[in-house]
Amino acid sequence: MSWTRQVLRINLTDRTSASEPLNMEWAELYLGQRGLATKYLTEEVDPMVDPLAPENSLYMVTGPLTGTMASTGGRYSCVTKSPLTNALACSNSGGFFGNEMKCAGWDMIIIEGKASSPVYISIVNETCEILPADEIWGKSVWEADEWLHTKTQDPQLRIAAIGVPGENGNLYSAIVNDLHRAAGRSGVGTVLGSKNVKAVTLRGTKGVGNIKDPKRFFTATQKTKDIIANNEMAQGLGALGTNVMMNHMNEVGALPTRNWRDSTFEGAAKLSSEAMMVPRESDGKANLTRPGACFACTIACGRISTIDPEHFTIKNRDDVHKYFKSNSGGNEYEAAWAFGVDTGVDDLDAVTYANFISNEQAFDPISAGAAIAAAMELFELGILTKEDTDGIELTFGNAEAMVKCVELIAKHEGFGKELAQSSLRFCTKYGRPDLAIVVKGQEFPAYDARAVQGMGLGYATSNRGACHVRGYTNGSETAGIPFKTDPLATEGKAELLMAFQDTTSIFDSAGICTFSSFAQGVEEVADQLDSACEGNWTAERLMLLGERVWNMEREFNNSAGFTAADDTLPPRLLEEHIKEGPAKGHVCELDKMLPNYYEVRGWNTDGTLTDATRKRLSLPL
């Protein structure tokens, strides 16, 4: 059956914990991870709750394929109400933490209430303890990780923790596990910090069993691994990492540059995956040390990197953690874009250093880089001065300025405190909310919606604010996966996006990585689930489940106060034409796509679900 059928519920206010059976009726409808935890959230948390109040809960959850031999089956999610957006937050992470949760016997860990003082949660199989964290409160993730490993003397302990920003209310704080894997978006780390929880540690020795048909499951998973091994996109991710997209998006004219004023970047090649592999003059080593893989992953898109020892960020410095002068998690595409392209910086080592800091102190590099980019535009417009920026010459392309801002965000000091409140709040304070490139308060990732129209529709309708991994139509529009569509066309994009959104909901709920969807389809996922889990799991049933999850999320946001008016894009994308490149002269034509999207979704014109849609999807009427 693959589910452990056990939930660990922790009440921090009372300092109690108890096991309870997983609601299998809900699992039949929502599967696991993203879908199942969101169902728990919608049943247990008031949509209007203050995200930082004790009444908000945080759900750490696996899927039924997490911890199994399924390729990429190492995922877990953190689900809560977001302090960044006030909408639903569901942030997905890899590494080894999800597998450890499953091996400890838990499908889900629910964290409720608020501790009266800093604590960490220690879980060893059935045993849960809420322990003092005073010695690591105020420390980085990396320092807390060292302390916890030393205290337990267990090198196989898995740790998920927050940094200083999460302790102090930075609205885009993350939860980092395994040193550089992150539940990175929407401020899930901020919620954990609001509960006075520094870390969750896991040790599981039970293993993952209960597979319905082990022989068939082995055959199904091996088939999928063969498909992934022979897939060109998966091979590219393994060889070059996610940053393989840097040069590609620049070539198609969809690389947002300098706070989206431009759509191509003259320095893109210097930040690319290819550049990461070039030996440097100082020590003859490349930025890239090796690929890295999460549990059970046969793609290995992760990067392990080093910073040039002669680079200004670490040379002659004794005040940085030792990992800055050795190997750690390297640049993914989004981090390289946010700290590099969006701020106009083409210094690979400066961007790597900023990315290391975002891992060390657990904050979202997309939101941080976007906030810095918006501040740079305000500075160049004369709205911000050095008096506002703690003396920083905050111009586009200034690597030292970008690095200083990242350091201040990490310390939650000075100008960094302002940047920590998000692009929208920061720009609104200075009278230019239009310069915040956000949807529902969350900053955009690295795909220009004026050049890739489906992505624009996806940003506008995403249930967690601007996001690329909720409906990655760019796969079809610029990469031809699973088939090629015209990125500048609007016709058919509503149907395309719905298919991507619902399919992604399936992968996120099963416990496998969405990157595997470049190779395997829903049929392969259904075969694995049907051989692992009780019940009759077909592709048709899963597509309906994915649609159900998406609409449930929409209902929560509607109940939280969101309306059709929130399904929009920043003025820059709707009104300012791209200046050059293949998409020159284009804006995002959202008005041509959104009404059709509501129609194919089975929604009313005001963005609410019709009763017929609720009934068809078995959602409450």
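How many of the 6 residues of strand 1 (residues 6-11) are buried? The count is 5, so strand 1 is mostly covered; buried means under 20% relative accessible area, exposed over 50%, and partly exposed in between, with a 1.4 Å probe and protein chains only. This is a predicted model: local features need pLDDT of at least 70 and side-chain atom pairs count only at pLDDT 80 or more, while totals for chains, interfaces and linings use all residues. Residues are numbered from 1 along each chain as its sequence is written, and side-chain values use heavy atoms, leaving out hydrogens and water. Helices (H or I, at least four residues) and strands (E, at least two) are DSSP runs, numbered from the N terminus.

**Strand 1 and its partners**

- Strand 1 runs antiparallel to strand 2 (residues 16-21), and 6 bridges join them. Two strands pair if DSSP finds at least two bridges between them.
- Q6 has P21 of strand 2 as its bridge partner.
- The hairpin of strand 1 and strand 2 has 4 residues between the strands. In this hairpin, R15 takes a positive phi near 55 degrees.
- Strand 1 runs parallel to strand 6 (residues 108-112), with 5 bridges. N11 has E112 as its bridge partner there.
- E112 also belongs to a network of salt bridges with R9, E20 and E44.

**Salt bridges**

- The whole structure holds 43 salt bridges. The criterion is a side-chain nitrogen of Lys or Arg within 4 Å of a carboxyl oxygen of Asp or Glu.
- Side chains of opposite charge can pair when their charged atoms come close.
- E28 and R541 meet at 2.7 Å, N to O. The pair links distant parts of the chain: E28 sits in helix 1 (residues 24-30) and R541 in helix 22 (residues 539-559), 513 residues apart.
- E28 is partly exposed at 26% relative accessibility. R541 is partly exposed too, at 23%.
- D154 and R203 meet at 2.9 Å, N to O. D154 lies in the loop between helix 4 (141-152) and strand 9 (158-161), and R203 in strand 12 (residues 197-203), so the pair ties together parts 49 residues apart in sequence. Both D154 and R203 are buried.
- R601 and D502 form a salt bridge with their closest N and O atoms 2.9 Å apart. R601 is in helix 24 (residues 590-601) and D502 in helix 20 (residues 493-510), 99 residues apart. R601 and D502 are both buried.

**Helix 8 (residues 232-240)**

- M233, A234, L237 and G238 are buried. They cover an arc of only 140 degrees around the axis, which puts them on the same side of helix 8. The arc is taken from the directions from the helix axis to the C-beta atoms.
- An α-helix has 3.6 residues a turn, so residues three or four places apart point the same way.
- The buried residues pack against helix 7 (214-229), helix 9 (245-251), strand 13 (288-292) and strand 14 (302-305). Contact here means heavy atoms within 4.5 Å.
- N231 caps the N-terminal end: a side-chain oxygen lies 3.0 Å from the backbone nitrogen of M233.
- G241 follows helix 8, with a positive phi near 75 degrees.

**Helix 14 (residues 365-380)**

- Of its 16 residues, 15 are buried, so helix 14 is largely enclosed by the rest of the structure.
- At its start, a side-chain oxygen of D364 reaches to within 2.9 Å of the backbone nitrogen of I366.
- G382 follows helix 14, and its phi is positive, near 85 degrees.

Terms used: Polar contact = N/O pair within 3.5 Å; in protein donor to acceptor, adjacent residues only side chain to side chain.
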